Amino acid sequence: MAGESDDDTGDDSRDADADRDADDDRDAALDAVLAAYDLKDERRTGWQLRGVDDPESVAAHSWGVAYLVLALGERFREEFPGIDLDRALRLAVVHDAAEAETGDVATRAADVADRGDDSTAEGVDRAAKVAAEREAMADLAGPLPERVRDAWEAYEARDSPEAVLVKECDLLDTCLQALMYEQDDRYDPERGEPDAFREYDDLDEFFATTEPRLRTEAGRELFAEVRERYRAARDGA
C-alpha cells in the first residue's frame, strides 16, 4: 500500500509539472499576441512623410489587404483558377506582422537603396530589412501554432498564387488609401517632411511606385480604376 501511495504521489507531481508547462505555453502565446498588437499603434511611415492627418496604422492596412482578398479575390481566378482564398486570407492577416517589432519602413526608401537614384529619400538596405523582419517573426510566432510563421514565410516567398494575390492587394490597398486621403483633403506635405520624395506632387508617388510592381492583369485593371478616381479627386474634377 505504501508503494501504491508513492506511485500516486509521483503521478500527481508529473501532472502538476505538465499543468505548469501548459500554463507557461499559454502565457508565452498570449505574450506573443500582445506583442503583435503593437501593430495597432504603428503608423504607416509613408503617410507620415506626406503629412497625413492621423494616418492609418499597419494593422488597419493589414485589415484593408484582407478585406480586398475577401471582396475582390474572385477577380483573380482567371489568372489563378485554383487559388485558395481562405489561405490567402491567412497570409494577408500576417503579412506585415514583423513590423510590430521592426516598425514600418517606407517602400520607396528600400527601393531607393536598391537603385541609388533618388537623393531626396533616405535609403534602407533591403537585405537588412528582410533579415530583421525574419528575426522578428521568429520571436513573435515562436510560441504560436506553426501556421502563423508558415503563412508569413509563404507570403515572403511570393511563389504561390495566394502570395501573389496578397501582394497585389497590399499594393492596391495603398492606392485606395491615397484616394481616400485625397478625397478627404487629409494631408499637408508641409506638415510632414517637405523634402521627402519631392519629385512627386500630392500623393502621386504612391501610384508611381505601385504600378511597376503589379504582376497580374486583374491587379493592373483595378489599379487603373483607382488611379483614375484619384486623379479626378486631386484635380477637383
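Guide: Start with arginine 227. Arginine 227 has a relative accessible area of 18%. Buried means under 20%, exposed over 50%, and partly exposed in between (1.4 Å probe, protein chains only). So arginine 227 is buried. This is a predicted model: local features need pLDDT of at least 70, side-chain atom pairs count only at pLDDT 80 or more, and totals for chains, interfaces and linings use all residues. Residues are numbered from 1 along each chain as its sequence is written, and side-chain values use heavy atoms, with hydrogens and water left out.

Visitor: What makes glutamate 211 partly exposed?

Guide: Glutamate 211 has 39% relative accessibility, so it counts as partly exposed.

Visitor: Why are the side chains of glutamate 211 and arginine 227 said to meet in a salt bridge?

Guide: A salt bridge needs a side-chain nitrogen of Lys or Arg within 4 Å of a carboxyl oxygen of Asp or Glu. Here the N to O distance is 3.0 Å, so the pair qualifies. The pair links distant parts of the chain, 16 residues apart. Glutamate 211 is in the loop between helix 10 and helix 11, arginine 227 in helix 11. Helices here are DSSP runs (H or I, at least four residues), numbered from the N terminus.

Visitor: How do you know that lysine 167 and aspartate 170 are separated by about one helical turn?

Guide: They are three residues apart in helix 9, which means about one helical turn. Lysine 167 and aspartate 170 are both buried.

Visitor: What makes glutamate 56 and arginine 44 buried?

Guide: Glutamate 56 has a relative accessible area of 8%, so it is buried. Arginine 44, with 11%, is therefore buried too. Their side chains meet in a salt bridge (3.4 Å, N to O).

Visitor: Why is leucine 176 called partly exposed?

Guide: The relative accessible area of leucine 176 is 30%, so it is partly exposed. Leucine 176 is found in helix 9 (residues 161-183). Leaving out residues up to four places away in sequence, leucine 176 touches Leu68 and Val226. Contact means heavy atoms within 4.5 Å.

Visitor: What makes a set of residues a nonpolar core?

Guide: The members are buried Ala, Val, Leu, Ile, Met, Phe, Trp, Tyr and Cys residues, joined through side-chain atoms within 4.5 Å. The largest such core has 48 residues. Leu165, Val166 and Leu203 have the most contacts inside it. Helix 9 gives the most to this core, with eleven residues.

Technical notes
Helices (H or I, at least four residues) and strands (E, at least two) are DSSP runs, numbered from the N terminus.
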